[in-house]
Amino acid sequence: MTHSSHAVALRILSLAMGVFLLFMGLDKLDWFLDGGLLTQQLQEWRGKASPLAQWYLEVIALPAAPVFARVVPAAELAAAAAFILGVGVRPAAALALLMVINFHIAADVMFRYDYLWNAYGPPVLGALAALAVGGRYLPFSAFKSRAPL
């Protein structure tokens, strides 16, 4: 069976994003034990945030921080597993994209000029968007999928 170069390229991207999210999730494992770590980070961001980010932090992020402190690392690790195994790549990428956008809004970095060269910005958003759109039936996945002919 031959694989298109596009599918192989997306599989490589999936593996790279999987490793990236694996280490992002591992870096946040302390959040499972101490949800206050995320709350502390959000409080720091609130102190110097724009009105939009401040609203987001006060209305959504801070009240839900104890839950997010457990959900975010679990979601990053689950997305990493999906990307590395090549299973459920499209939904994992779509959900990871939403999670990253939420973080970038909370950190008040998304709507700044210097965001355009932020390594966690456009490259990550672009990679996740590409996987959300084209990450179906990728070659060299852990489980065989039935790709249309």
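Reply: What follows is a run through a predicted model, topic by topic.

Me: How many helices and strands are there?

Reply: The chain has 7 helices and 0 strands. In sequence order the pattern reads α-α-α-α-α-α-α.

Me: What does the C-alpha trace span along its principal axes?

Reply: About 55 × 35 × 20 Å.

Me: What percentage of the 149 residues is buried?

Reply: Buried residues account for 36% of the 149 in the chain.

Me: Let's go inside. Which residues touch the most other members of the largest nonpolar core?

Reply: That core has 22 residues, and the ones touching the most other members are Met17, Leu21, Ala79, Phe83, Leu125, Leu128 and Leu131. Two or more residues each come from helix 1, helix 5, helix 6 (89-106) and helix 7 (122-134).

Me: Take Leu128. What does it touch?

Reply: Leaving out residues up to four places away in sequence, Leu128 touches Met17, Phe83, Ala93, Ala96, Leu97 and Val100.

Me: What other core lies apart from that one?

Reply: Another core, of 16 residues, lies apart from it, and its members include Trp31, Ala53, Met99 and Ala107. As a general point, nonpolar side chains in soluble globular proteins tend to be buried together.

Me: Now the surface. Which residues make the nonpolar patch?

Reply: Leu15, Val19, Phe23, Leu26, Leu29, Phe32, Leu33, Ile84, Leu85, Val87 and Phe143 make it, over about 1000 Å².

Me: Which helices supply at least two residues of it?

Reply: Helix 1 (5-27), helix 2 (30-33) and helix 5 (65-85) do. Helix 1 gives the largest share, 4 residues.

Me: Pick Leu33. Buried or exposed?

Reply: Leu33, in helix 2, counts as exposed because its relative accessibility is 77%, and the cut-off for exposed is over 50%.

Me: Ala78 next. Where is it, and how far is it from Gly25 in space?

Reply: Ala78 is in helix 5. The C-alpha atoms of Ala78 and Gly25 are 8.9 Å apart, while the two residues are 53 apart in sequence. Ala78 has 47% relative accessibility, so it counts as partly exposed.

Me: Switching to charges. How many salt bridges does the count come to?

Reply: The count comes to 2 salt bridges. One is Lys28 with Glu76, where the closest N and O atoms are 3.2 Å apart.

Me: What does that pair tie together?

Reply: Lys28 is in the loop between helix 1 and helix 2, and Glu76 is in helix 5, so the bridge ties together parts 48 residues apart in sequence.

Me: Are those two residues buried or exposed?

Reply: Lys28 counts as buried, with 10% relative accessibility. Glu76 is buried too, at a relative accessible area of 6%.

Me: Which residues form the other bridge?

Reply: Arg112 and Asp108 form a salt bridge, with the closest N and O atoms 3.2 Å apart. Arg112 is partly exposed at 41% relative accessible area, whereas Asp108 is buried at 11%.

Me: Back to the backbone. What about the phi of Asp108?

Reply: Asp108 has a positive phi of about 60° although it is not a glycine. Most residues other than glycine have a negative phi. Asp108 sits in the loop between helix 6 and helix 7.

Me: And what is the phi of Phe140?

Reply: Phe140 also has a positive phi, of about 60°, and is not a glycine. Phe140 lies in the segment after helix 7 and is exposed, with a relative accessible area of 59%.

Me: Last one, Ser141. Which residues does it touch?

Reply: Ser141 is in the segment after helix 7. Not counting residues up to four places away in sequence, Ser141 touches Arg11, Leu85 and Gly86. A polar atom of the Ser141 side chain lies 3.3 Å from the backbone oxygen of Gly86.

Notes: Residues are numbered from 1 along each chain as its sequence is written. This is a predicted model: local features need pLDDT of at least 70, side-chain atom pairs count only at pLDDT 80 or more; totals for chains, interfaces and linings use all residues. Side-chain values use heavy atoms; hydrogens and water are left out. Patches are made of residues with over 30% relative accessible area and no salt bridge: like charges are joined within 9 Å, nonpolar side chains (Val, Leu, Ile, Met, Phe, Trp, Tyr) within 5 Å. Accessible areas come from the Shrake-Rupley method with a 1.4 Å probe; for residues, only the protein chains shown count as cover. A salt bridge is a side-chain nitrogen of Lys or Arg within 4 Å of a carboxyl oxygen of Asp or Glu. Buried means under 20% relative accessible area, exposed over 50%, partly exposed in between (1.4 Å probe, protein chains only). A nonpolar core is a set of buried Ala, Val, Leu, Ile, Met, Phe, Trp, Tyr and Cys residues joined through side-chain atoms within 4.5 Å. Contact means heavy atoms within 4.5 Å. A polar contact is a pair of N or O atoms within 3.5 Å; within protein, one must be able to donate a hydrogen and the other to accept it, and residues adjacent in sequence count only if both atoms are side-chain atoms.
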